[in-house]
Amino acid sequence: MLGAGRAEATAPSTFGHGARSAALVRADVADADPAGAPVQNAALAAAPGARVRLGYGYGLLDLRIEDRRADVADVSGLDLGAQVGFRLRASFVLGFALAAHVPDAQIAKIGFRPGTEPQFVRYEAALQRATFDLALGLRRGPFALGIGAALSLDMGGEGTRFELGQDAEGTYADAASDISLAYRAAPIVGLMVDLGRVALGASFRGGLGVSVAVDSDVRIALTENPLNGTTRVRVRGVSGYDPARFVFGARAKLGFGLSALGSIEWQGYAEAPPPVADVSLDVALGTSPGRTEVRFVAPNFRDVLVPRLGIEWTSGRWAARAGYALSPSPVPPQRGFTSYADATRHAVGLGGGVAFGRVWGVDLRADMGAQVSFLSERAEEKASPALPNARYVVSGRVYHGAISVEAAFR
């Protein structure tokens with residue numbers, strides 16, 4: 001039985017896009033940097049001027065099953081953001097932004113493991129894939145509206161074929177491979193009202209994953225060979241699913257350079273597909289004709305609400321930030337063959353930044369951010385000791401750090 005690795009979200013949706021958002025644990029939906037607008041709030045793309053941001057983040061995943069470190073790879077990569085906005089007639093501002101995350105190791109990782117083996121369903125394949133988000137925003141006065149798209153890839157094609165046979169000239173072998181990567185898109189919508197001391201923001205993102213559809217055909221036709229015949233393997237599944245999200249938040253300026261930020265995010269896990277692959281095996285050999293098929297039912301994950309709080313202090317060139325987020329687990333108690341591993345996560349963020357002022361006509365700023373996430377210990381105990389992994393305990397910590405440099409052209 002095979003399982004496709006899956007995670008809560010992409011790396012930017014989990015840790016934040018850029019060091020400032022990481023330090024605020026993504027509580028900045030009402031006050032995000034325009035260069036990160038496609039990730040946080042598409043309406044914020046409608047800002048005059050132009051900005052380019054380059055950042056890097058690294059996440060150390062110390063996740064444990066029965067106090068043994070699980071085989072979950074660390075996550076790291078570049079965060080790229082760019083935004084440009086123009087003032088139009090009648091006090092309108094039109095802006096465009098793009099945000100990308102490029103992992104160090106690969107464009108996308110599609111992982112498979114036994115479906116009955118404990119697997120951290122919020123921290124595996126999706127954190128290891130590239131993301132590319134676009135946003136278009138329009139603003140007039142305090143009101144702004146943004147739309148956009150989050151892009152992903154599907155893996156499909158005719159698959160692989162191998163043939164071993166004989167003809168008048170002897171034994172021959174032939175092979176072919178056809179793999180296609182098709183684009184998929186999910187909608188992004190953002191709203192923003194900036195009243196000066198208080199700002200309100202809302203954002204929606206559709207669910208998105210990497211669909212996998214791969215076939216493998218093997219044909220053997222040799223003289224006096226008892227194993228002549230065909231074998232076909234079909235794999236279907238969704239890897240790295242990122243659930244639909246709706247978030248509402250606010251920012252309030254408290255005075256003395258202090259701002260408080262907060263948001264509440266709904267994550268639609270109830271519609272998530274099974275985080276395992278459907279595998280069918282057609283065997284037509286001379287000695288053992290048959291068919292084997294493995295399918296898993298819907299995981300019955302739960303929708304969750306994630307509250308986030310942040311605070312930011314600015315004084316002249318300097319800024320300091322902190323944040324906290326509580327992320328409940330969408331995974332229900334495990335009672336059957338599957339052994340999904342997850343627990344409620346408490347995330348704490350800290351960071352700061354400095355503005356260097358104008359350098360060669362460009363405003364430069366550098367930021368740093370760090371997060372530490374603690375997974376509450378969670379024990380799973382199934383109804384029967386005969387079931388796979390009848391009892392196991394989940395715990396762990398996630399350490400993430402980010403740096404970014406932004407250049408603004410005004």
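Which residue in β14 is the bridge partner of phenylalanine 204? The partner is phenylalanine 246, and that pairing is a handy way into the fold.

First, some ground rules. This is a predicted model, where local features need pLDDT of at least 70 and side-chain atom pairs count only at pLDDT 80 or more, while totals for chains, interfaces and linings use all residues. Residues are numbered from 1 along each chain as its sequence is written, and side-chain values use heavy atoms, with hydrogens and water left out.

**Confidence and overall make-up**

pLDDT is the predictor's confidence in each residue, on a scale from 0 to 100. The protein chain averages 84, and 80% of the residues score at least 70. Take care with residues 1-8, where pLDDT stays under 50, although the model gives them 70 contacts beyond four places in sequence; a contact here means heavy atoms within 4.5 Å. Where pLDDT is low, the predicted coordinates should not be read in detail.

The protein chain has 3 helices and 23 strands. These are DSSP runs numbered from the N terminus, with helices (H or I) of at least four residues and strands (E) of at least two. Of the 410 residues in the protein chain, 48% are buried. Buried means under 20% relative accessible area, exposed means over 50%, and partly exposed is in between (1.4 Å probe, protein chains only). Among contacts between residues at least 6 apart in sequence, 70% join residues at least 24 apart.

**Around β14 and β15**

Back to that opening pair. Strand β11 (residues 198-205) runs antiparallel to strand β14 (residues 244-255), and 8 bridges join them. Two strands count as paired if DSSP finds at least two bridges between them. β14 also pairs with strand β15 (residues 258-268), again in the antiparallel sense, over 11 bridges. Within that pairing, arginine 251 stands opposite leucine 261 in β15. The hairpin of β14 and β15 has 2 residues between the strands, and phenylalanine 256 takes a positive phi near 60° there.

Serine 263 lies in strand β15. With a relative accessible area of 8%, serine 263 is buried. Leaving aside neighbours within four places in sequence, serine 263 has contacts that include Val247, Phe248 and Gly249, along with Arg26, Ala27 and Val306.

**Nonpolar cores**

A nonpolar core is a set of buried Ala, Val, Leu, Ile, Met, Phe, Trp, Tyr and Cys residues joined through side-chain atoms within 4.5 Å. The largest one has 16 residues, and those with the most contacts inside it are Leu61, Leu63, Ile65, Phe120 and Tyr123. α1 (11-15), β2 (49-65) and β23 (391-409) each supply at least two residues of this core. Apart from it lies another core, of 15 residues, among them Ala45, Ala150, Ala186 and Ala199. In soluble globular proteins, nonpolar side chains tend to be buried together.

**Rings and a charge**

Rings of Phe, Tyr and Trp (its six-membered ring) pair if their centres lie within 6.5 Å; planes under 30 degrees apart count as stacked, over 60 as edge-to-face and the rest as tilted. By this rule the count comes to 1 aromatic pair. The rings of phenylalanine 301 and tyrosine 340 have centres 5.6 Å apart and planes at 65°, so the pair is edge-to-face. The two residues are 39 apart in the chain: phenylalanine 301 is in the loop between β17 (290-294) and β18 (304-315), and tyrosine 340 is in strand β20 (residues 340-341).

There is also a charge to look at. Arginine 140 lies over the face of phenylalanine 92, at 5.5 Å from the ring centre; the rule asks for NZ of Lys or CZ of Arg within 6 Å of the ring centre and within 35 degrees of the ring normal.

**Loop residues**

Glutamine 334 is found in the loop between β19 (318-327) and β20. Asparagine 389, in the loop between β22 (362-381) and β23, has a positive phi of about 50° although it is not a glycine.

Here is the accessibility of some residues from these last two sections:

| Residue | Relative accessibility | Class |
|---|---|---|
| Phenylalanine 301 | 4% | buried |
| Tyrosine 340 | 2% | buried |
| Glutamine 334 | 4% | buried |
| Glutamate 66 | 31% | partly exposed |
| Asparagine 389 | 34% | partly exposed |
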